Amino acid sequence: MTEEAQMQMNEPEAHFGVGRRKTGPVILDLKNISLSFGGVKALTDISFDVRQHEIRAIIGPNGAGKSSMLNVINGVYRPQQGQIVYRGEVRKNMDCHAAAKSGIARTFQNIALFKGMTVLDNIMTGRNLKMKSNFLMQALYWGPARREEIAHRIKAEEIIDFLEIQAIRKTPVGRLPYGLQKRVELGRALAAEPEILLLDEPMAGMNVEEKQDMCRFILDVNDQFGTTIVLIEHDMGVVMDISDRVVVLDYGKKIGDATPDEVRNNRDVINAYLGVECQ
Ligand SMILES: Nc1ncnc2c1ncn2[C@@H]1O[C@H](COP(=O)(O)OP(=O)(O)O)[C@@H](O)[C@H]1O
Ligand SMILES: [Mg+2]
């Protein structure tokens with residue numbers, strides 16, 4: 001057997017991306033973020049940064065503060081302490097609309113789609129921020145509004161092709177299986193053409209095949225659109241496979257921030273995860 005063939009045989013199962021990705025400068029810098037709800041400290045003095053083109057994972061047990069962290073990044077929650085620097089500028093008083101306009105899109109832990117609307121129409125809602133024509137022009141379907149609508153539909157159809165959901169583009173989202181709904185939600189977020197995409201447990205509740213598909217789409221988004229991704233995920237196999245660096249939260253505190261391999265061997269992380277299902 002040739003040396004090359006031998007090496008191929010020794011290769012572990014297909015790995016998705018670690019080490020292959022080229023990341024850029026810091027695009028988002030979170031400094032000493034603290035957030036509490038009444039007496040509950042959701043986040044305590046958390047700092048970490050996200051580099052351009054990176055896939056940055058946030059892991060930790062339930063209640064660790066992961067979703068709260070995403071809500072701080074996209075302006076839903078305003079931290080009592082700390083600073084957010086986005087593209088080199090300190091972000092002040094940013095709400096979720098301003099965050100979205102500035103290029104931050106997200107999906108939610110619990111799917112947030114219009115269940116009665118078709119896949120295409122749900123993805124079109126992700127274009128709202130990009131629409132210039134006003135309501136009256138759209139109602140009258142007047143020249144520029146019509147041209148704009150057509151351009152947005154073309155973009156939405158591109159996303160539908162990209163996510164391989166052409167066959168269900170006219171299906172009401174509520175009739176789709178869970179895994180496909182998650183994919184549509186990704187499509188809605190992509191429709192905003194974000195610079196940073198925040199994904200809150202995009203693979204929760206999926207079977208192995210659905211997870212593999214979602215992994216592939218996340219990697220393709222990162223690769224083909226250059227999108228920076230912040231990903232909350234419980235499945236450690238997925239985190240190890242696709243992320244560049246991992247932040248570990250536990251009870252609202254940061255207990256680790258390293259490469260997937262380093263995190264895997266960190267005793268604090270192992271302890272925090274005891275009793276939590278991971279692969
Ligand atoms: N809107 C809210 N009001 C009150 N408490 C909240 C709110 N959002 C989150 N929390 C609390 O903050 C902590 C962290 O929650 P969360 O960020 O959802 O954790 P995770 O996503 O890691 O499971 C929990 O104790 C949770 O109950
Ligand atoms: Mg959560």
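Modeller: Two strands are said to pair if DSSP finds at least two bridges between them, and the helices (H or I, at least four residues) and strands (E, at least two) are DSSP runs numbered from the N terminus. The model is a predicted one, in which local features need pLDDT of at least 70 and side-chain atom pairs count only at pLDDT 80 or more, while totals for chains, interfaces and linings use all residues. Residues are numbered from 1 along each chain as its sequence is written, chains are lettered from A and ligands numbered from 1 in the order in which they are written, and side-chain values use heavy atoms, with hydrogens and water left out.

Let us begin with strand 9, residues 245-250, which pairs with strand 10 in the antiparallel sense over 5 bridges; within this pairing, Val246 stands opposite Ala258 of strand 10. Both strands belong to an open sheet of 6 strands with mixed pairing, whose order is 6-7-8-3-9-10. Strand 6 (104-107) and strand 10 (253-258) have a single partner strand each and stand at the edges, so one side of each is left without a neighbour in the sheet. On average, neighbouring strands of this sheet are turned by 15° against each other, direction ignored (axes are lines fitted to C-alpha atoms, for helices over the stretch in contact, and angles run from 0 to 180 degrees between N-to-C directions).

Helix 2, residues 66-73, packs on this sheet and touches strand 3 (55-59), strand 6, strand 7 (196-200), strand 8 (228-232) and strand 9, where contact means heavy atoms within 4.5 Å. The direction of helix 2 makes about 155° with that of strand 7. Helix 8, residues 208-224, lies across strand 3, strand 7 and strand 8, and runs at about 155° to strand 8.

Strand 1, residues 26-37, pairs with strand 2 in the antiparallel sense over 8 bridges, with Leu28 opposite Val50 and Val26 opposite Arg51. These two strands form a hairpin with 2 residues between them, and Gly38 in the turn has a positive phi of about 55°. Strand 1 is also joined by 5 bridges to strand 4 (residues 81-86), the two running antiparallel, and here Lys31 has Gln83 as its bridge partner. Together, 4 strands form an open antiparallel sheet in the order 2-1-4-5. Strand 2 and strand 5 (89-90) stand at its edges with a single partner strand each, so one side of each is left without a neighbour in the sheet. Helix 2 touches strand 1, strand 2 and strand 4 of this sheet, and its direction makes about 120° with that of strand 1.

Finally, ligand 1 is surrounded by residues that include Phe37, Val40, Lys66, Ser67, Ser68 and Tyr77 (a residue counts as near if one of its heavy atoms lies within 4 Å). An oxygen atom of ligand 1 is 2.9 Å from a polar backbone atom of Ser67, and a polar side-chain atom of Ser68 lies 2.6 Å from an oxygen atom of ligand 1. The protein covers 63% of the 560 Å² of accessible area that ligand 1 has on its own, as found by the Shrake-Rupley method with a 1.4 Å probe. Strand 2 (40-51) and helix 2 are the elements that give two or more residues to the shell around ligand 1, and helix 2 gives the most, with 3 residues.

Conventions. A polar contact is a pair of N or O atoms within 3.5 Å; within protein, one must be able to donate a hydrogen and the other to accept it, and residues adjacent in sequence count only if both atoms are side-chain atoms.
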